[in-house]
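Hi,

Here is the structure I said I would pass on. Have a look at it first, and then read my notes below.

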Amino acid sequence: MFFKTVVIIVRFLFRILNGKTEIQNKEYIPKDTVFIIAAPHRSLLDPIFISFGVYPHVFSSMAKKELFKGKFTNWLLTHLNAFPVNRENPGPSALKQPVSILKEGKTSLLIFPTGSRHSAEIKGGTSSIAKLANVPILPVVYQGPLTFKDLLKRKKATVRFGQPIYLPKEKRISRDELAAYDELLGTTFRQLDQEIDPNFVYVAK
């Protein structure tokens, strides 16, 4: 598969440039189902290092529609299982398409609940997608180089997973309960960051 081949090649190149990525708590990755990978968005490198962590699992991801304008980038992103989303006006497809992908059961789904890499605020929606698709949410944080230039500095890169969050399947969940699950992600992200580095403070670049 194209996705796995790219991950193997890029992982090899990144290891030469930056050293081996430390993957923590990989045993928390669900084995018998697709799942939502939920992470704070801090860098354009986030999806790359997260792909190293979940490998050999394959995931789809949302990307702003502007990235699909060029022929090559459209081809590349499509073959890497990315799909366009209108950030200014998401519409029903922002829920429908991710749920459809997860229900197919072929790939997991990477979501950045913080939206922009310049924000730490948790946006709603991740728990709604998990509930509608009946899949668990796997929290993960990445700490390390934030730019491609930083890779040359060989700054340690760490990907740490948290325990998966399972929403109840049989009963309805209110909006307030869904919001509580989304807020739980924010708490979990902070906890995972502290477990990697008690002095960690994210500075947007």
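Let me start with helix α2, residues 46–54: seven of its nine residues are buried, so the helix is largely enclosed by the rest of the structure. The buried ones are D46, F49, I50, S51, F52, G53 and V54. Before you go further, please keep in mind that this is a predicted model.

The peptide bond from Y55 to P56 is cis, and its omega is near 15°. P56 itself sits in the loop that runs between α2 and β3, the latter being 59–64.

**The whole protein**

Stepping back, you will find seven helices and seven strands. Read from the N terminus, the order is α-β-β-α-β-α-β-α-β-α-β-α-β-α.

How does the radius of gyration fit with a compact globule? For 205 residues such a globule would come out near 17 Å, and the protein has 16 Å, which agrees.

Of the 205 residues, 45% are buried. The accessible surface comes to about 11600 Å², and carbon and sulfur atoms account for 57% of that. As for charges, there are 30 positive and 17 negative ones, and their mean positions lie 8 Å apart.

The contacts say something about how the chain is put together. Taking those between residues at least 6 apart in sequence, 74% join residues that are at least 24 apart.

Next, go to helix α5, which covers residues 126–133 and holds T126. Is T126 buried or exposed? T126 is buried, with a relative accessible area of 3%. Setting aside neighbours within four places in sequence, T126 is in contact with I36, A38, I111, P113, I137, D182 and L185. Two of those partners, I36 and A38, fall within the range of strand β2 (36–38).

K131 is in helix α5 too. This lysine is buried as well, because its relative accessible area is 17% and the cut-off for buried is under 20%. What does the side chain of K131 find there? One of its polar atoms lies 2.6 Å from the backbone oxygen of P168. P168 also turns up among the contacts of K131 beyond four places in sequence, which are L167, P168, K169, E170, K171, I173 and L178.

**Two asparagines with positive phi**

Finally, have a look at two loop residues. N25 has a phi near 65°, a positive value in a residue other than glycine. You will find N25 in the loop between β1 (22–24) and β2 (36–38), and it is buried, with a relative accessible area of 17%.

N81 is the other one: its phi is near 70°, again positive in a residue other than glycine. N81 belongs to the loop between α3 (71–79) and β4 (82–85). Which class does N81 fall into, buried or partly exposed? With a relative accessible area of 22%, N81 is partly exposed.

That is what I have for now. Enjoy looking around!

Conventions: Residues numbered from 1 in each chain as written. Predicted model: local features only at pLDDT ≥ 70, side-chain atom pairs only at ≥ 80, totals over all residues. Heavy atoms only, no water. Helix = DSSP H or I, 4+ residues; strand = E, 2+ residues; numbered from the N terminus. Rg over C-alpha atoms; globule rule 2.2 N^0.38 Å. Buried < 20%, exposed > 50% of the residue type's maximum accessible area, 1.4 Å probe, protein only. Contact = heavy atoms within 4.5 Å. Areas by Shrake-Rupley, 256 points an atom, 1.4 Å probe, with all protein chains shown as cover. Lys, Arg positive; Asp, Glu negative; His and termini not counted. Charge placed at Lys NZ, Arg CZ, Asp CG, Glu CD. Polar contact = N/O pair within 3.5 Å; in protein donor to acceptor, adjacent residues only side chain to side chain.
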